[in-house]
Amino acid sequence: MDSGSQLPPTTSFKLPSVRLAAPKSQLPPKDWPHAPVHRLSENGVYFVTASTLHKQHYFNTPEKRDLLENRLLGLAKEYGWQLEPWAVFSNHYHFVARGRNDSRNLGELLHRLHGVSSHDLNQMDGLENRKVWFNFRDIKLTIQHSYLARLNYVHQNAVKHKLVPVAHQYPWCSAAWFERTASPAQVKMIYRFKIDRVKVEDDF
């Protein structure tokens, strides 16, 4: 799959602080019925990163991040892609998606996500025709170690950005869902993968 355009030039940004979630056992369940799968497959697994235009913090309230996360999960189902980890922030998102034989084009999913989330966000802000998204970058994962490291990278992204002390406290990612759904051995195995060598444009 062709990657999207280059992300904007690197600039130092700091994500706004977020309200911590209740302990993971009290988090509402994500509407995502699949058990976690931790192996590559012939149908394709992709790591995706997308940024807002100029890295602006357009999704800067809980309601706006809810909007983006719900649109992402709903469209992934509609297009036949299984999200494994995901993380949504005020100016970017990451996820790893697994395709099936009947999955629709991932690029079309992302263009649709950006279109509908921009429309909904602009309605919330009382604006018209504001450009929200810059573009996206996708990488097909073909090496098991790289795949597993990116699973942990997405789960730990809110910790990396210093938004929460532990991953499951961030409400707009899959970490709490993963810790509820996977076995303790799976969680331990994924979380032990080091993420400091994962090369991702993530200066948000």
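How many helices and strands does the protein chain have? Colour by secondary structure: there are six helices and four strands. Helices (H or I, at least four residues) and strands (E, at least two) are DSSP runs, numbered from the N terminus. Read from the N terminus, the order is β-α-β-β-α-β-α-α-α-α.

Two notes before you select anything. This is a predicted model, where local features need pLDDT of at least 70 and side-chain atom pairs count only at pLDDT 80 or more, while totals for chains, interfaces and linings use all residues. Residues are numbered from 1 along each chain as its sequence is written, and side-chain values use heavy atoms, with hydrogens and water left out.

**Whole chain**

Show all 204 residues; 54% of them count as buried. Buried means under 20% relative accessible area, exposed over 50%, and partly exposed in between (1.4 Å probe, protein chains only). Now turn to contacts, meaning heavy atoms within 4.5 Å. Of the contacts with a separation of 6 or more, 79% join residues 24 or more positions apart.

**The core**

Select Tyr93 and Phe95. In the largest nonpolar core, which has 54 residues, these two touch the most other members. Helix α1 (residues 62-79) gives this core its largest share, seven residues. A nonpolar core is a set of buried Ala, Val, Leu, Ile, Met, Phe, Trp, Tyr and Cys residues joined through side-chain atoms within 4.5 Å.

Stay on Tyr93 and show its neighbours. Leaving out residues up to four places away in sequence, Tyr93 touches Val48, Thr49, Ala50, Leu68, Ala87, Val88, Leu110, Leu113, His114 and Trp133.

**Helices α1 and α2**

The axes of α1 and α2 come within 10 Å and cross at roughly 150°. That is why α1 counts as roughly antiparallel to α2. Axes are lines fitted to C-alpha atoms, for helices over the stretch in contact, and angles run from 0 to 180 degrees between N-to-C directions. Angles under 35 degrees count as roughly parallel, over 145 as roughly antiparallel, 65 to 115 as roughly perpendicular and the rest as oblique.

Show the side chains at this contact. From α1 they include Leu68, Arg71 and Leu75; from α2 they include Leu113, Val116 and Asp120. The contact residues divide into 11 nonpolar, one polar and eight charged. Here Ala, Val, Leu, Ile, Met, Phe, Trp, Tyr, Cys and Pro count as nonpolar, Asp, Glu, Lys and Arg as charged, and the others, Gly among them, as polar.

**Helices α3 and α6**

Next, select α3 (residues 144-155) and α6 (residues 184-191). Their axes come within 8 Å and cross at roughly 95°. The two helices are therefore roughly perpendicular to each other. Leu148, Leu151, Asn152 and His155 of α3 meet Met189, Ile190 and Tyr191 of α6. This contact has five nonpolar residues, two polar and no charged.

**Loop residues**

Go to His54, in the loop between β1 (45-52) and α1. Is His54 buried or exposed? His54 is exposed, with a relative accessible area of 53%. Its phi is near 60°, a positive value in a residue other than glycine. Lys55 has a positive phi of about 60° although it is not a glycine. Lys55 is buried, with a relative accessible area of 5%.

Finish at Tyr170, in the loop between α4 (157-160) and α5 (175-181). Tyr170 counts as buried, at 1% relative accessibility.
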